[in-house]
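Dear colleague,

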Amino acid sequence: MVVRRVEIAVDSDDAKGAAEIEDDPTLDLLDRLAICAAGREAQKLFDAPTHDGAGWGDYGKMVVLLANREEKRQIEWMHRGHKRAFDLISLHRGKIDRLAKTVIEKKRVEADEIAALLAD
């Protein structure tokens, strides 16, 4: 998976924040859905401010990924994707806290620093 860009809301800009992640068809469907749901789940888990329009693009991506399923199955898969995202974020919360503190302190973190912060 290739991450092209990540923006994180800083200070009072609750509309800021985005990620451009190249789609990786080698990942299973549940993990691809979890990637889409991760931003919203992180906002809930970390009690981060947001706005009503946050996550609509991610929701749209989930709909595209599930386009060949009936609506009831789409909803079931979306819930599963959100749960997977929440579980993974919860599991790695300590690493995410370290990364967040570094971003707040330095304002910019390079890929090698991110890898070091997220290493076990």
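Trp 56 is found in helix H2, where helices (H or I, at least four residues) and strands (E, at least two) are DSSP runs numbered from the N terminus. Tyr 59 also has its place in helix H2, which covers residues 56-65. Before going further, please note that this is a predicted model, in which local features need pLDDT of at least 70 and side-chain atom pairs count only at pLDDT 80 or more, while totals for chains, interfaces and linings use all residues. Residues are numbered from 1 along each chain as its sequence is written, and side-chain values use heavy atoms, with hydrogens and water left out.

Trp 56 is exposed, with a relative accessible area of 55%, whereas Tyr 59 is partly exposed at 40%; here buried means under 20% relative accessible area, exposed over 50%, and partly exposed in between (1.4 Å probe, protein chains only). Together with Val 63, Trp 56 and Tyr 59 make a nonpolar surface patch of about 310 Å². Such patches are made of residues with over 30% relative accessible area and no salt bridge, like charges being joined within 9 Å and nonpolar side chains (Val, Leu, Ile, Met, Phe, Trp, Tyr) within 5 Å.

The count of aromatic pairs comes to one, for which rings of Phe, Tyr and Trp (its six-membered ring) must have centres within 6.5 Å, with planes under 30 degrees apart counted as stacked, over 60 as edge-to-face and the rest as tilted. Trp 56 and Tyr 59 form this pair, which is edge-to-face, at 5.6 Å centre to centre and 85° between the planes. The two residues, Trp 56 and Tyr 59, are three residues apart in helix H2 and so are separated by about one helical turn. Trp 56 also lies 9.8 Å from Arg 40, C-alpha to C-alpha, at 16 residues apart in sequence.

A further aromatic side chain, Trp 77, has the charged end of Arg 69 over its ring at 5.3 Å from the centre, and Arg 80 lies over the face of Trp 77 at 4.2 Å from the ring centre. A charge is taken to sit over a ring if NZ of Lys or CZ of Arg is within 6 Å of the ring centre and within 35 degrees of the ring normal.

Turning to salt bridges, the count comes to five, each being a side-chain nitrogen of Lys or Arg within 4 Å of a carboxyl oxygen of Asp or Glu. Arg 84 forms one of them with Asp 31, the closest N and O atoms being 2.7 Å apart. This pair links distant parts of the chain, since Arg 84 is in helix H3 (residues 71-91) and Asp 31 in helix H1 (residues 29-45), 53 residues apart. The side chains of Glu 76 and Arg 73 meet in another, at 2.7 Å from N to O, and both belong to helix H3, where a spacing of three residues separates them by about one helical turn. Asp 87 forms a salt bridge with Lys 83, with the closest N and O atoms 2.7 Å apart.

Buried residues make up 21% of its 120 residues.

Best regards

Conventions
Areas by Shrake-Rupley, 256 points an atom, 1.4 Å probe, with all protein chains shown as cover.
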